[in-house]
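Work through the exercises below with the sequence and coordinates open. Each task is followed by a solution in steps.

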Amino acid sequence: METNGKTVILKYANRKLYNTNTSKYVNVPDVLKMGVDNFIVVDHVTKGDVTFDFLVTALSLHFRENPTAFETVKPLIVEKLGLNTPTN
């Protein structure tokens with residue numbers, strides 16, 4: 001799998017995350033602090049890229065813990081998805 005110089009985070013079935021650069025277990029906030037363009041999350045067993053799934057789960061947990069945080073990013077999401085564009 002091509003990583004393009006990104007840090008590889010291994011995701012284990014028990015939800016543990018392992019940073020292959022530092023050879024240490026990390027948590028979700030540690031990974032997110034790297035910036036989404038600087039890491040790739042790989043399933044330990046299948047070796048498949050699960051970065052998207054990781055990010056969706058991380059966002060879901062964040063918004064569950066901080067319900068008002070969604071209102072902050074909602075306009076950006078609506079804009080990026082083109083949901084505020086009037087239809088003819």
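**Exercise 1. Order of elements**

In what order do the elements of the protein chain run from the N terminus on?

Solution. The model is a predicted one. Start with the inventory: the protein chain holds three helices and four strands. Then read from the N terminus, which gives β-β-β-α-β-α-α.

**Exercise 2. Overall dimensions**

What is the radius of gyration of the protein chain, and what value would a compact globule of 88 residues have?

Solution. 
- Step 1. For a compact globule of 88 residues the radius of gyration would be near 12 Å, whereas the protein chain has 16 Å.
- Step 2. Along the principal axes, the C-alpha atoms occupy a box of roughly 50 × 30 × 20 Å.
- Step 3. Buried residues make up 22% of the 88 in the protein chain, the cut-off being under 20% relative accessible area.
- Step 4. Take the contacts between residues at least 6 apart in sequence; 40% of them join residues at least 24 apart.

**Exercise 3. Surface and charge**

How many positive and negative side chains does the protein chain have, and how far apart are the centres of the two sets? State the exposed area as well.

Solution. The count is 10 positive and 9 negative side chains, and the two centres lie 6 Å apart. The protein chain exposes about 6700 Å², of which carbon and sulfur atoms supply 56%.

**Exercise 4. Positive phi**

What is phi of Arg15, and what is phi of Lys47?

Solution. 
- Step 1. Recall that most residues other than glycine have a negative phi.
- Step 2. Arg15 has a positive phi, near 70°; for Lys47 the positive value is about 65°.
- Step 3. Arg15 sits in the loop between strand E1 (7–11) and E2, while Lys47 is in the loop between strand E4 (39–43) and H2.
- Step 4. Arg15 is classed as exposed because its relative accessible area is 72%, over the 50% cut-off. Lys47, with 48%, is partly exposed.

**Exercise 5. Asp53 and Val41**

What distance separates the C-alpha atoms of Asp53 and Val41? Begin from the position of Asp53.

Solution. Asp53 lies in helix H2, which covers residues 51–65. Its relative accessible area is 49%, so Asp53 is partly exposed. Asp53 and Val41 are twelve residues apart along the chain, and 8.9 Å separates their C-alpha atoms.

Methods. Residues numbered from 1 in each chain as written. Predicted model: local features only at pLDDT ≥ 70, side-chain atom pairs only at ≥ 80, totals over all residues. Heavy atoms only, no water. Helix = DSSP H or I, 4+ residues; strand = E, 2+ residues; numbered from the N terminus. Rg over C-alpha atoms; globule rule 2.2 N^0.38 Å. Buried < 20%, exposed > 50% of the residue type's maximum accessible area, 1.4 Å probe, protein only. Contact = heavy atoms within 4.5 Å. Areas by Shrake-Rupley, 256 points an atom, 1.4 Å probe, with all protein chains shown as cover. Lys, Arg positive; Asp, Glu negative; His and termini not counted. Charge placed at Lys NZ, Arg CZ, Asp CG, Glu CD.
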